[in-house]
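Please look over the sequence and the model shown below before reading on.

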Amino acid sequence: MATVVFLLVPQVHLLDLAGPAQVFSTARAQGHPYDLRYVAEQDEVVTAQGLPVRASVDWPALGPADLVVVPGWRSPISPGTGRLDAATLDRLTAHHAAGGTVVSVCAGADALGRAGLLDGRRCTTHHGVQDELARRYPGATVLRDRLYVVDERVATSAGIASGIDLALHLVATRHGPATAARVAREMVVYARRNGHERQDSVMLRHRAHLSDVVHRAQDLLDERFTEPLPLGELALAAGVSERTLTRLFGASTGLTPLRYQQLLRVERAEHLIGHGVTVEAAARAVGFADARMLRRLRARTAAPTVG
């Protein structure tokens with residue numbers, strides 16, 4: 001079981017907290033064990049929207065598989081806001097040093113900066129406070145026009161609804177795109193902003209539509225992207241003819257089903273390569289006969305990425 005700790009600061013924004021919490025809660029309801037905890041430096045925190053919420057002042061024991069999430073708060077650029085004791089900031093630093101992942105939503109990036117976790121890393125935050133974040137933490141590279149950035153187990157998001165995007169990305173990374181797709185569909189968050197970011201998952205980039213037919217085909221592709229999947233089998237799963245599926249798939253995603261599957265394979269291979277797997281082994285793991293096709297597709301999709 002993975003623990004997700006939400007660190008609550010006075011005047012925390014409800015959606016910064018509730019959005020990611022709903023993602024992990026939905027994943028838990030679908031069979032993935034997540035233990036959600038809420039901690040603060042006091043046992044009651046009043047949100048920016050006026051709703052008081054209860055939290056524990058005691059932190060649970062954490063391991064490398066666990067997450068700490070810092071939602072944002074109101075008035076992040078005002079002096080004295082978002083106060084956290086040195087001991088709390090040390091917990092963030094220690095969790096990351098022990099191999100854990102630390103996440104921020106919106107102004108929560110300021111807490112990560114105070115903990116020293118943004119130094120030498122790329123990050124983002126809400127567009128209204130990007131300049132202030134860059135001024136406070138000159139050792140960080142603040143990226144503009146990004147929904148979220150992941151850099152060495154430090155994940156930051158632009159704020160408010162983008163916390164959902166980042167949480168879905170983390171679920172996709174841990175459990176695969178099919179799980180994240182099911183969570184997104186349960187939450188009815190097909191429509192989403194993409195901007196110019198490329199660090200989000202293939203599933204998220206191409207699920208921003210409302211075609212049930214195409215979603216059914218994508219469900220099968222997400223589940224079995226390493227396998228040969230003839231167009232006829234996809235069409236049967238989607239309940240339409242091959243011609244209709246091809247037309248609807250292109251209109252909804254801008255891709256053919258084969259291209260979508262290739263992108264899923266490349267994304268998974270990139271993840272494996274980033275964790276020390278050879279190109280040849282990664283190619284075989286995602287369903288390619290050898291590394292030649294993977295190298296060709298990686299060259300086609302090459303672009304500046306984050307994380």
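**Model and confidence**

This is a predicted model, in which local features need pLDDT of at least 70 and side-chain atom pairs count only at pLDDT 80 or more, while totals for chains, interfaces and linings use all residues. Residues are numbered from 1 along each chain as its sequence is written, and side-chain values use heavy atoms, with hydrogens and water left out.

The average pLDDT of the chain (the predictor's confidence in each residue, from 0 to 100) is 89, and 93% of the residues score at least 70. Over residues 190-200 the pLDDT is below 50, yet this stretch has 42 contacts in the model beyond near neighbours in sequence. A contact means heavy atoms within 4.5 Å. Residues 303-307 also have pLDDT under 50, with 13 contacts beyond four places in sequence.

**The sheet**

Helices (H or I, at least four residues) and strands (E, at least two) are DSSP runs, numbered from the N terminus. Two strands pair if DSSP finds at least two bridges between them. The model has an open sheet of 6 strands in the order 2-1-5-6-10-9, with mixed pairing. Strand 2 (34-39) and strand 9 (148-151) are its edge strands, each pairing on one side only. From one strand to the next, the twist averages 15°.

Within this sheet, strand 6 (residues 101-105) and strand 10 (residues 154-157) pair in the parallel sense over 4 bridges. V105 stands opposite S157 in strand 10.

Helix 1 (residues 14-29) lies across strand 1 (2-7), strand 2, strand 5 (67-70) and strand 6, and runs at about 155° to strand 2. Axes here are lines fitted to C-alpha atoms, for helices over the stretch in contact, and angles run from 0 to 180 degrees between N-to-C directions.

**Cavities**

A cavity is a set of points on a 1 Å grid over the protein atoms alone where a 1.4 Å probe fits but cannot get out; lining residues have an atom within 4 Å of a point. Volume is the space filled by probe spheres set on the points, which are joined across faces, edges and corners. There are 3 cavities of 30 Å³ or more.

| Cavity | Volume | Element giving the most to the lining |
|---|---|---|
| Largest | about 70 Å³ | Helix 4, 3 residues |

The residues lining the largest cavity include P76, I77, D110, E132 and R136. Helix 3 (108-114) and helix 4 (130-136) are the elements that give two or more residues to this lining. By class, the lining of the largest cavity has 6 nonpolar, 1 polar and 3 charged residues. Nonpolar means Ala, Val, Leu, Ile, Met, Phe, Trp, Tyr, Cys and Pro, charged means Asp, Glu, Lys and Arg, and the others, Gly among them, are polar.

Among the residues lining the second largest cavity are P20, F24, V103, V105 and G163. Helix 1, strand 6 and helix 5 (162-175) each supply at least two residues of this lining. The lining of the second largest cavity has 8 nonpolar, 1 polar and no charged residues.

Definitions and conventions
1 Å grid on protein atoms, 1.4 Å probe; cavity = no way out; pocket = protein on both sides within 12 Å on 5 of 7 lines; lining within 4 Å.
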